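Subject: Structure for you to look through

Dear colleague,

Please find the structure below, together with its sequence.

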Protein chains: 2
Amino acid sequence: MPDFEQYLGEAKVFVDRALMESLPPAGSSNVADAMRYSIAAGGKRLRPILCLAGAQVLGAEQEAVIEVACALEMVHTYSLIHDDLPAMDDSDLRRGKASCHRVFGEAIAILAGDALLTMAFEKVAAYGREEQQAEQAIRIAFELASAAGVGGMIGGQELDLVAEGKNLTLPEVEEIAALKNGALFSAALRCGALAAGAGESELQVLSSFARLTGKAFQIVDDLLDSKATDAELGKPVEADQKKAKATLPALLGVEAAQARVDDLYRQATAELQKLEIDTSLLQLLAQRLIYRNN
Amino acid sequence: MPDFEQYLGEAKVFVDRALMESLPPAGSSNVADAMRYSIAAGGKRLRPILCLAGAQVLGAEQEAVIEVACALEMVHTYSLIHDDLPAMDDSDLRRGKASCHRVFGEAIAILAGDALLTMAFEKVAAYGREEQQAEQAIRIAFELASAAGVGGMIGGQELDLVAEGKNLTLPEVEEIAALKNGALFSAALRCGALAAGAGESELQVLSSFARLTGKAFQIVDDLLDSKATDAELGKPVEADQKKAKATLPALLGVEAAQARVDDLYRQATAELQKLEIDTSLLQLLAQRLIYRNN
């Protein structure tokens with residue numbers, strides 16, 4: 001796929017448009033404006049794109065799963081809004097702009113996060129109202145709730161809060177990353193695949209691929225974080241280090257961390273070989289997510 | 001139904017047990033403990049009981065809809081936890097105990113609310129995984145998300161925050177109550193009815209009944225609030241008045257408010273007559289909810 005960058009750009013535009021159309025109209029309430037602000041603030045739309053790609057490699061159309069893709073970005077954005085709150089990570093900057101509570105105040109930011117989480121499940125339900133899609137939608141809702149809940153993202157955020165200022169071991173750092181980001185990352189691909197009617201064996205391979213890719217993605221994030229400027233990252237540089245949060249590069253050193261990334265990428269692409277379908281889209285995606293500069 | 005009090009007591013025990021069994025184990029994390037604390041802190045379980053009753057009058061078993069009933073209480077409890085936060089209503093007392101953030105801190109309280117909201121949809125999805133229940137579960141998820149979102153509970157909470165310290169008109173007071181409490185109240189009954197396979201005409205009558213009952217319930221809440229002591233109510237007395245939040249009794253006076261309650265009760269029970277099924281359970285429930293002392 002020589003025009004992979006074009007594919008990514010088009011997928012992002014497609015997702016962006018669907019997201020903004022899903023949200024309550026601008027000016028209808030402060031919560032609506034806060035939801036729109038945080039969604040519009042950008043981001044790479046990785047989770048929706050993973051969802052669309054998961055559906056595509058199994059033969060479904062992007063259009064058929066766009067509501068599920070939007071749901072994933074809504075869950076991701078809600079988690080960023082709540083994580084940035086003063087009581088949590090107390091972050092003033094997100095995606096290169098003032099964080100939601102800095103613009104709209106804490107109360108509206110809490111409600112905007114709540115509303116995005118709620119709307120995510122409304123989108124999955126809307127998907128499930130289409131003919132013959134109810135059973136898939138139920139599996140998707142279960143997948144999404146599991147990945148976002150105490151056994152996934154929320155559990156990871158709690159461990160992250162507890163870890164502040166402590167010396168963590170490598171397994172502890174990896175567990176936090178797996179829960180905090182890996183679970184939703186993996187769910188994104190699985191939800192797309194579920195929408196396309198994937199079987200259990202396909203789901204297992206895709207989960208494994210997503211977990212490995214997500215792990216590598218997180219290490220790359222930490223590597224970039226240790227090099228970049230505020231403007232490049234869109235969030236305060238070394239915010240994590242300032243709060244003495246352990247990262248894998250900090251524990252292993254940059255070179256060993258990069259070697260780990262390369263190894264994870266090899267493992268991830270090896271997983272894809274187990275499937276008897278064309279997975280080149282996923283391989284390109286993994287490559288792009290892992291070998292990037294920002 | 002002479003043993004209606006017994007029915008209510010048994011339904012509450014049934015719901016309480018199912019709720020506690022649904023939550024992550026005690027001690028598994030701070031978020032898990034905070035979820036368990038706020039759910040166990042009590043409350044009348046009105047929404048789950050409305051859900052069970054809605055299913056029962058249409059011929060379904062309580063056991064078949066218990067997961068949906070639990071989902072409604074989880075959504076309600078999440079909203080109480082977030083409403084009590086310092087950035088919102090800043091309330092130290094809830095259901096007669098210290099509010100969640102007073103015990104566990106703000107960060108854990110935010111996450112516990114998020115986790116309960118997430119788990120509510122997980123419960124609906126679990127219900128939908130049973131044979132032949134996927135389509136009903138999708139309708140229930142949609143109903144729940146709509147009632148909880150910006151067009152319902154969250155919208156009501158925002159209006160409530162904005163209203164603080166302002167002189168509201170009667171229609172404004174009623175709109176806030178309809179969104180903040182009425183929407184989920186009505187959804188509770190509708191979700192139970194949906195689980196029992198209710199048709200559109202039945203749903204409309206039940207919605208109307210629930211809206212009227214919910215409106216009366218809210219006025220009674222405000223009436224009791226103006227009379228009771230802290231210990232009786234389980235929350236700081238006149239907390240709403242202190243913050244200069246307008247209530248219907250404050251605007252109309254106690255007598256006119258009570259007349260309004262009586263009128264709403266008559267209208268609600270008249271709605272039930274339109275159905276060709278035995279709705280005595282719902283009539284007793286409305287009576288109990290409206291003519292109460294605490």
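In this predicted model, 40 residues of chain A are in contact with 40 residues of chain B. The elements of chain A that give two or more residues to this contact side are α2 (30–40), α6 (106–129), α7 (134–148) and α8 (153–163), and the largest share, 15 residues, comes from α6(A). If you sort the residues on that side by class, you will find 25 nonpolar, nine polar and six charged ones.

How are the two chains related to each other? Chain A can be laid on chain B by a turn of 180° and a shift of 0.0 Å along the axis, with an RMSD of 0.0 Å, and this is the relation of a two-fold axis.

Turning to chain A by itself, you will see 15 helices and two strands, and its C-alpha atoms fill a box of roughly 50 × 50 × 35 Å along the principal axes. A compact globule of 294 residues would have a radius of gyration near 19 Å, and the 18 Å of chain A agrees with that. Of these 294 residues, 52% count as buried, and among the contacts between residues at least 6 apart in sequence, 71% join residues at least 24 apart.

In soluble globular proteins, nonpolar side chains tend to be buried together. The largest nonpolar core here has 192 residues, and those with the most contacts inside it are Ala112, Ala141 and Leu144 of chain A and Ala112, Ala141 and Leu144 of chain B.

One last detail concerns the backbone. Most residues other than glycine have a negative phi. Arg95(A), however, has a positive phi, near 55°, and lies in the loop between β1 (93–94) and β2 (97–98) of chain A; it counts as partly exposed because it has 17 C-beta neighbours inside 10 Å. In chain B, the phi of Arg95(B) is also positive, near 50°, and this residue is found in the loop between β1 (93–94) and β2 (97–98) of chain B.

With best wishes

Technical notes:
Residues are numbered from 1 along each chain as its sequence is written. Chains are lettered from A and ligands numbered from 1 in the order in which they are written. This is a predicted model: local features need pLDDT of at least 70, side-chain atom pairs count only at pLDDT 80 or more; totals for chains, interfaces and linings use all residues. Two residues are in contact if their C-beta atoms, placed from the backbone, lie within 7 Å. Helices (H or I, at least four residues) and strands (E, at least two) are DSSP runs, numbered from the N terminus. Ala, Val, Leu, Ile, Met, Phe, Trp, Tyr, Cys and Pro count as nonpolar, Asp, Glu, Lys and Arg as charged, and the others, Gly among them, as polar. The radius of gyration is taken over C-alpha atoms; the globule rule is 2.2 Å times the number of residues to the power 0.38. A residue is buried if 20 or more other C-beta atoms lie within 10 Å of its own, exposed if 12 or fewer, and partly exposed in between; C-beta atoms are placed from the backbone. Copies are superposed by least squares on the C-alpha atoms of residues with pLDDT of at least 70 in both. A nonpolar core is a set of buried Ala, Val, Leu, Ile, Met, Phe, Trp, Tyr and Cys residues joined through C-beta atoms within 7 Å.
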